[in-house]
Amino acid sequence: MKNLISIIVPVYNVERHIIKCIESITNQTYTNLEIICINDGSTDDSGKICDDYSKRDNRIKVIHKKNEGVSSARNFGLKYATGEFIGFVDPDDWIENRMYEVMIDALLENNADIAIANYYIDTDETTTPMINQEQIDYKPFNQEKLITYAFKRDEYKGFGAYIWNKLFRASLFKMNDSSTLNFDENITFCEDIIFFTNLALNSKKSIYITKPMYHYYKRNSSLSHTADISKRVGSLHAYKRIIEMLENKHIVTWLKRFYTYHASLILEICVNNNYDDKITIYANETKRYIKEYINTNTEYPERIQRMEKLLQYNVNV
């Protein structure tokens, strides 16, 4: 019998998108799937739509719970997952119909732990494939290269430290005989990057698929576009954790660069909204690793100029 793939879909108020998402999964050429939809307290018809699909396709399991956030929803999904392999699809995204067939074949043929697929960024008007500036190994690669490809994003745009364009061997989720890896429910921004880093550190061999197979839908109302500082500050907590996890690896310089970038986004919100009491706080966070940021952005002078302008504003406050 074919290996079972569990696909976890956290669902919250996405009635406009969830049909396209579910159908892209149910129409996969690889059919031995367990599709776990966690309705995280939706107030629209998202939960009902999932229920309707589960009546037509017995591979779909729907779990209804109170709203506690995407990390809680994914953790619920992991509790119910029984597959030998685990994938994640966000509810406003969709996937190419051969994605899981290609990924599991690559994993099995190469005895790998993680398969990574290139992806598209979609808006309502455009579909843009990601193009890597540097070559990614077409043969299986080790943990060090996996982490390098994931966090050197200018060079490897079609890789990323995300969970949704990847398929994982379920054994990676085992921390020991009595516990499994979970998402941190206290972090609301970049929580998936911490989770990926843990999985990467548990892995030995990975394989990359050059063809884009995942469609990441970029909408302005998503959390990544929020101006809510209380939510965005989670990105700093996340990168602090990841820096600690990878402090002995060469990639730590790039992690500090990302910390600086996310701190600058919060600083920019403070500046634009005249949050004068917070400007100095996040200016200091932006300065924390400014040396690493500048050293890794020498090819992008416009980024350095943006930082200088933001930090100059703090001097004038």
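The model is predicted, with local features requiring pLDDT of at least 70 and side-chain atom pairs counted only at pLDDT 80 or more, while totals for chains, interfaces and linings use all residues. Residues are numbered from 1 along each chain as its sequence is written, and side-chain values use heavy atoms, with hydrogens and water left out. Helices (H or I, at least four residues) and strands (E, at least two) are DSSP runs numbered from the N terminus.

A total of 19 aromatic pairs is present in the structure. Rings of Phe, Tyr and Trp (its six-membered ring) are taken to pair if their centres lie within 6.5 Å; planes under 30 degrees apart count as stacked, over 60 as edge-to-face and the rest as tilted. Tyr119 and Tyr162 form an edge-to-face pair, with 6.1 Å from centre to centre and 90° between the planes. This pair links distant parts of the chain, 43 residues apart: Tyr119 belongs to strand β6 (residues 114–122), and Tyr162 to the loop between α5 (143–151) and β8 (166–169). Tyr119 counts as buried at 5% relative accessibility, and Tyr162 is buried at 19%. In the pair of Tyr149 and Tyr156, the ring centres are 4.8 Å apart and the planes are at 70°, so this pair is edge-to-face. Tyr149 and Tyr156 are both buried. Ring pairs also join Phe88, Phe168, Phe173, Phe183 and Phe195 into a cluster.

Lysine side chains are placed over aromatic rings as well. A charge sits over a ring if NZ of Lys or CZ of Arg is within 6 Å of the ring centre and within 35 degrees of the ring normal. The charged end of Lys20 sits over the ring of Trp94, 3.6 Å from the ring centre. Lys79 lies over the face of Phe76, and here the distance to the ring centre is 4.7 Å.

In helix α1 (residues 18–26), the buried residues include Ile18, Cys21, Ile22, Ser24, Ile25 and Thr26. The buried residues of α1 pack against β1 (5–11), β2 (33–40), α2 (46–56), β3 (60–65) and β5 (94–95); contact means heavy atoms within 4.5 Å.

Helix α6 (residues 191–202) packs with helix α8 (residues 234–245) at an angle of about 15°, and their axes are 9 Å apart. Axes are lines fitted to C-alpha atoms, for helices over the stretch in contact, and angles run from 0 to 180 degrees between N-to-C directions. Angles under 35 degrees count as roughly parallel, over 145 as roughly antiparallel, 65 to 115 as roughly perpendicular and the rest as oblique. Helices α6 and α8 are therefore roughly parallel to each other. Their crossing is left-handed, a term used if the near helix is turned anticlockwise from the far one by less than a right angle, with right-handed used if clockwise. On the α6 side the contact is made by Ile193, Ile194, Thr197, Asn198 and Leu201, and on the α8 side by Ala238, Tyr239, Arg241, Ile242 and Met245.

Helix α8 also packs with α9, at an angle of about 170° and with the axes 9 Å apart. The two helices are therefore roughly antiparallel. Among the α8 residues that meet α9 are Ser235, Leu236 and Tyr239, and the α9 residues include Lys256, Tyr259, His262 and Ile266.

Leu236 of α8 counts as buried at 3% relative accessibility. Residues up to four places away in sequence aside, Leu236 touches Tyr259, His262, Ala263, Ile266, Tyr282 and Glu285. His262 lies in α9 and counts as buried at 10% relative accessibility. Apart from neighbours within four places in sequence, His262 is in contact with Phe189, Cys190, Ser235, Leu236 and Tyr239. Lys256 is also placed in α9 (residues 252–272), and its contacts beyond four places in sequence are Ile243, Tyr289 and Glu292.

Two asparagines have positive phi values. Asn111, which is not a glycine, has a phi of about 50° and is placed in the loop between α4 (99–110) and β6. Asn111 is exposed, with a relative accessible area of 55%. For Asn274, phi is near 55°; this residue is found in the loop between α9 and α10 (276–288) and is exposed, with a relative accessible area of 55%.

How values were computed: Buried means under 20% relative accessible area, exposed over 50%, partly exposed in between (1.4 Å probe, protein chains only).
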